[in-house]
Amino acid sequence: MDTKYVTWFALCLGSGLFGACSDEEVDAQTAQAAMSELVSSVDTTIMGYQSEGQGTGTLNLKCAAGGTADVNGHVSVATDPVSVDVKVAIAYNACQTHNGTTLNGQLDFTQSVLAGKVPLRVQTVYEGNVELTGKVQADCAVNMTVLVDEAGKTVEVRGTFCDNDAADLDLKLTPRWKS
């Protein structure tokens, strides 16, 4: 037996992320579609969490077309002066989008204003593993950091999304801090 695959199996099994471990590469087009679905779902989930749960504690939200998202953490956003303090853990449980994609997995999402930066910069971090099925099919490890300006325009992207360089993908963030 090839030791490369034995090591891969042991690492995946030992990490507790066996379902997210795959030796299939996700092409850039599929990664882009997966990113669009995931970022849209995160935006919807956080807006629901902020309005239904007042942005703190643990809440089980219904997803757009079925399934749920368990959200735990806090969301505090102000527009004048701009203040962003978001730290949530999202567990997707057969969370269906209106586009026909189902999300399962865990994602940690943080967002904050970088202190002392002029002009203002907001840093957003996505970390976790999400499986997408249905219209978009991909098993994605997510480890990316995005820096945007006050208007929400992307300034810098670092990390990976579905084993693709996140900087090569088109990312659209919603500037929740704008009035």
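Residues are numbered from 1 along each chain as its sequence is written. In this predicted model, local features need pLDDT of at least 70, side-chain atom pairs count only at pLDDT 80 or more, and totals for chains, interfaces and linings use all residues, while side-chain values use heavy atoms, with hydrogens and water left out.

Eight strands form an open sheet in the order β1-β2-β3-β4-β5-β6-β7-β8, with antiparallel pairing. Strands (E, at least two residues) are DSSP runs, numbered from the N terminus, and two of them pair if DSSP finds at least two bridges between them. The edges are β1 (56-62) and β8 (164-165), each of which pairs on one side only. Strand β3 (residues 82-96) is joined to β4 (residues 101-113) in the antiparallel sense over 10 bridges; A89 has D108 in β4 as its bridge partner.

Two disulfides (pairs of cysteine sulfur atoms within 2.5 Å) are found in a search of the whole structure. In the disulfide of C63 and C95, the sulfur atoms are 2.0 Å apart. This pair links distant parts of the chain, 32 residues apart: C63 in the loop between β1 and β2 (68-79), and C95 in strand β3. The link is left-handed, with -110° about the S-S bond. Buried means under 20% relative accessible area, exposed over 50%, and partly exposed in between (1.4 Å probe, protein chains only). C63 counts as buried because its relative accessibility is 12%, and C95 because its value is 3%.

The disulfide of C140 and C162 has its sulfur atoms 1.7 Å apart. C140 lies in strand β6 (residues 138-149) and C162 in the loop between β7 (154-161) and β8, so the pair ties together parts 22 residues apart in sequence. The link of C140 and C162 is right-handed, with 75° about the S-S bond, and both cysteines are buried.

Conventions:
Helices (H or I, at least four residues) and strands (E, at least two) are DSSP runs, numbered from the N terminus.
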